[in-house]
Amino acid sequence: MAETPITVALVDDQPLFRSGIRMLVQSQADMDMAWEADDGEQALALAAKHRPDVMLMDLRMPVLDGVEATRRITEEADAAGVERPKIIALTTFNRDQAVVEAVQAGASGYLLKSAEPEFLLAAIRTVYSGYSVIAPGSVHELFQHAARTVPVAGPDLAVMDELSPRERDVFLLAAKGLGNAEMAQSLFVSEATVKSHLRSVLGKLGLRTRLQLVAFAYERRLLG
């Protein structure tokens, strides 16, 4: 458990859904409900005043949708020089193009709104610890499906020019979903070396998370 409670904010336009999530979060000794909003504009104002650790962000809302709200909240945090909140996108179905856009905008992952309560609570703790989360199922199927909707003549190999040969190896293995230990074994290096290369790859490509890296690779047809 965290020494201080994880502060959670919820952005959703359905009062009944918010009520259920609020009760769930408040039942946990290591979590506090910071605030709720029923559209993206409200979330922007509240996030600037009361910065939560984790935000649960519905993607389809009136006034301002969850993708744009995620983008603006992360940009505002960067401009203010403060840590970005960890944002979990909420969607009603798995193959949602908006999920990919939310990840690209800075979300730390996504969940189905029908997720089991224990899975949702585990996801909050996971992103708070600095990791990504995804709904059960294949994240690669999601990004493959999304990539088919983006017209690209062929692989965009120019983006790889900024990476060293070893960084390209790490990029491609991470994009295929391999963990640090698996990459280290495949490349005959230590996990510390893999982590160092991965940090460099993310920095050079302007990405924040491994999930963004996967989306980046599929969008540019870099996995064949």
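Me: Helices are DSSP runs of H or I with at least four residues, numbered from the N terminus. On that basis, where does Phe 188 lie?

Reply: The model is a predicted one. In this model, Phe 188 is in the loop between α8 (180-187) and α9.

Me: Why is Phe 188 called exposed?

Reply: A residue counts as exposed when its relative accessible area is over 50%. Phe 188 has 77%, so the word applies. The backbone of Phe 188 also has a positive phi, near 60°, in a residue other than glycine.

Me: What is the phi of Val 63, and where is its place?

Reply: Phi of Val 63 is positive, about 70°, although Val 63 is not a glycine. Val 63 sits in the loop between β3 and α3.

Me: How do you know that Val 63 is exposed?

Reply: The relative accessible area of Val 63 is 65%. The cut-off for exposed is over 50%, so Val 63 is on the exposed side of it.

Me: What makes Tyr 128 partly exposed?

Reply: Buried means under 20% and exposed means over 50%, with partly exposed in between. Tyr 128 has a relative accessible area of 31%, and is therefore partly exposed. Tyr 128 belongs to helix α5 (residues 117-128).

Me: Which residues make the contact of α9 with α10?

Reply: On α9 they are Leu 198, Val 201, Leu 202 and Leu 205, and on α10 they are Arg 210, Leu 213 and Phe 216. Of these residues, six are nonpolar, none is polar and one is charged.

Me: What makes α7 and α8 oblique to each other?

Reply: The axes of helix α7 (residues 165-175) and α8 cross at roughly 135° and come within 10 Å. Roughly antiparallel starts over 145 degrees, and roughly perpendicular ends at 115. The crossing angle lies between these limits, so α7 and α8 are oblique. The crossing of α7 and α8 is right-handed.

Me: Which residues of α7 and α8 make the contact?

Reply: Arg 166, Asp 169, Val 170, Leu 173 and Ala 174 of α7 meet Met 183, Ser 186 and Leu 187 of α8. The contact residues divide into five nonpolar, one polar and two charged.

Me: Which residues of α7 are buried, and what follows the helix?

Reply: Glu 167, Val 170, Phe 171, Leu 173, Ala 174 and Ala 175 of α7 are buried. After α7 comes Gly 177, with a positive phi near 100°.

Me: Which residues of α2 are buried, and how do you know that they line one face of the helix?

Reply: In helix α2 (residues 40-49) the buried residues are Gly 40, Ala 43, Leu 44 and Ala 47. Viewed down the axis of α2, they fall within an arc of 105°, so they line one face. An α-helix has 3.6 residues a turn, so residues three or four places apart point the same way. The buried residues of α2 pack against β1 (6-11), β2 (31-37), β3 (54-58) and α3 (66-80).

How values were computed: Residues are numbered from 1 along each chain as its sequence is written. This is a predicted model: local features need pLDDT of at least 70, side-chain atom pairs count only at pLDDT 80 or more; totals for chains, interfaces and linings use all residues. Side-chain values use heavy atoms; hydrogens and water are left out. Contact means heavy atoms within 4.5 Å. Helices (H or I, at least four residues) and strands (E, at least two) are DSSP runs, numbered from the N terminus. Ala, Val, Leu, Ile, Met, Phe, Trp, Tyr, Cys and Pro count as nonpolar, Asp, Glu, Lys and Arg as charged, and the others, Gly among them, as polar. Buried means under 20% relative accessible area, exposed over 50%, partly exposed in between (1.4 Å probe, protein chains only). The arc is that of the directions from the helix axis to the C-beta atoms. Axes are lines fitted to C-alpha atoms, for helices over the stretch in contact, and angles run from 0 to 180 degrees between N-to-C directions. Angles under 35 degrees count as roughly parallel, over 145 as roughly antiparallel, 65 to 115 as roughly perpendicular and the rest as oblique. A crossing is left-handed if the near helix is turned anticlockwise from the far one by less than a right angle, and right-handed if clockwise.
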